[in-house]
Amino acid sequence: MGEQSKEAEHSTKGAYVTGGEFTRDTNYIEDRIVADPAAARAARPEAHSPIGDPRIAGLTEGAQAWPVEPGRYRLVAARACPWAHRSIIVRRLLGLEDAISLATPGPVHDVRSWTFDLGPDGRDPVLGTERLQEHYFKRFPDYPRGITVPAIVDVPSGQVVTNNYPQITFDLSTQWRPFHRDGAPDLVPEALVEEMLPVIERIFKEVNNGVYRAGFAGSQRAYERAYERLFAALDWLEDRLAGSRYLMGPHLTEADVRLFTTLVRFDAVYHGHFKCNRNKLTEMPNLWAYARDLFQTPGFGDTVDFDQIKRHYYVVHEDVNPTQVVPAGPDLANWLSEHGRERLGGSPFGDGTPPGPVAAEERPPGANPLYDAR
């Protein structure tokens, strides 16, 4: 089989836009890594949640409990992917770099799998593999769904543990607490959880997934409905952030992490590529100032790679961009402009402290004004 035939065989064409309204498959491997596996197994069964829940004690039907064990697991999280990016941010904010290692696949993949193509030999240096797919198949030889990131891999066995991204970040906050850095923020404060989960749910349905619902719409009607829902939610957020520095008040929470990974991609990708073009992020004063405030906060902007973000969307989504041409813009310097959010009071880390500098080996290699300016 020639090279061109191989590329056609593994093309993503038809994998994203299938006609009508885009529906995300939210069925994931719902195993959990927990501080007390026996207690999790003994607890009452939990219901599936597309947004996760930091309060749950048990497991969903068929899920297994794995023990919290520093050095045992590897977080596989592509910098290009917003769902994976949130786990990179939370790991950094909590200071879990020494407890859970990080593998970053490259931004471009075919229909089969994300690949570890950023290293000199095309393999992950710890896992020794070329594709994330290998770890899914080692656990589930006939795994029927997409090979998604983030995924946590058990290094000794090479098997995927979970790809349930909504719960992964909550469990990093709650189950891995003994291994948090001194001064780590409480991203899921108990007093705010009841109020925070509906906010997170609306952000997931209408913003995080809303841009995809617009971008992968297979009909004009499906696109227009998605467009209207997305901008109704963005208008709601614009109003919410008029009098509050962060989504849940004066300090950062998980809700801010989940919104940031969509906002940081909005003008570079979603505005044009996904036709979310009523206006740019830069044209929404409160959201734009809020996004810059987060970008300039350690743990957020210093994890961003705009080159990988653009390359992923414009190259991988052949249904949307068949030419695979990657745009040169937008200009990134304005991410460092003054945001003025300090006038609302509050502080990102509350009684805690910011994380230290990004380790050299984890610094994003692509475009980022935080690094370009140095």
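Author: Start with a pairing: strand 3 and strand 5 (residues 151–154) run antiparallel and share 4 bridges. Strands are DSSP runs of E, at least two residues, and helices are runs of H or I, at least four residues, all numbered from the N terminus. Two strands pair if DSSP finds at least two bridges between them. This is a predicted model: local features need pLDDT of at least 70, side-chain atom pairs count only at pLDDT 80 or more, and totals for chains, interfaces and linings use all residues. Residues are numbered from 1 along each chain as its sequence is written, and side-chain values use heavy atoms, leaving out hydrogens and water.

Reader: Which residue in strand 5 stands opposite leucine 75?

Author: Look across the antiparallel pairing of strand 3 and strand 5. Opposite leucine 75 stands isoleucine 152.

Reader: In strand 4, what is the bridge partner of arginine 74?

Author: Strand 3 pairs with strand 4 (residues 101–103) in the parallel sense, over 3 bridges. The partner of arginine 74 there is serine 101.

Reader: Is alanine 80 buried or exposed?

Author: Find alanine 80 in the loop between strand 3 and helix 3. Buried means under 20% relative accessible area, exposed over 50%, partly exposed in between (1.4 Å probe, protein chains only). Alanine 80 has a relative accessible area of 0%, so the residue is buried.

Reader: How far apart in space are alanine 80 and phenylalanine 274?

Author: In sequence, alanine 80 and phenylalanine 274 are 194 residues apart. In space, C-alpha to C-alpha, the distance is 15 Å.
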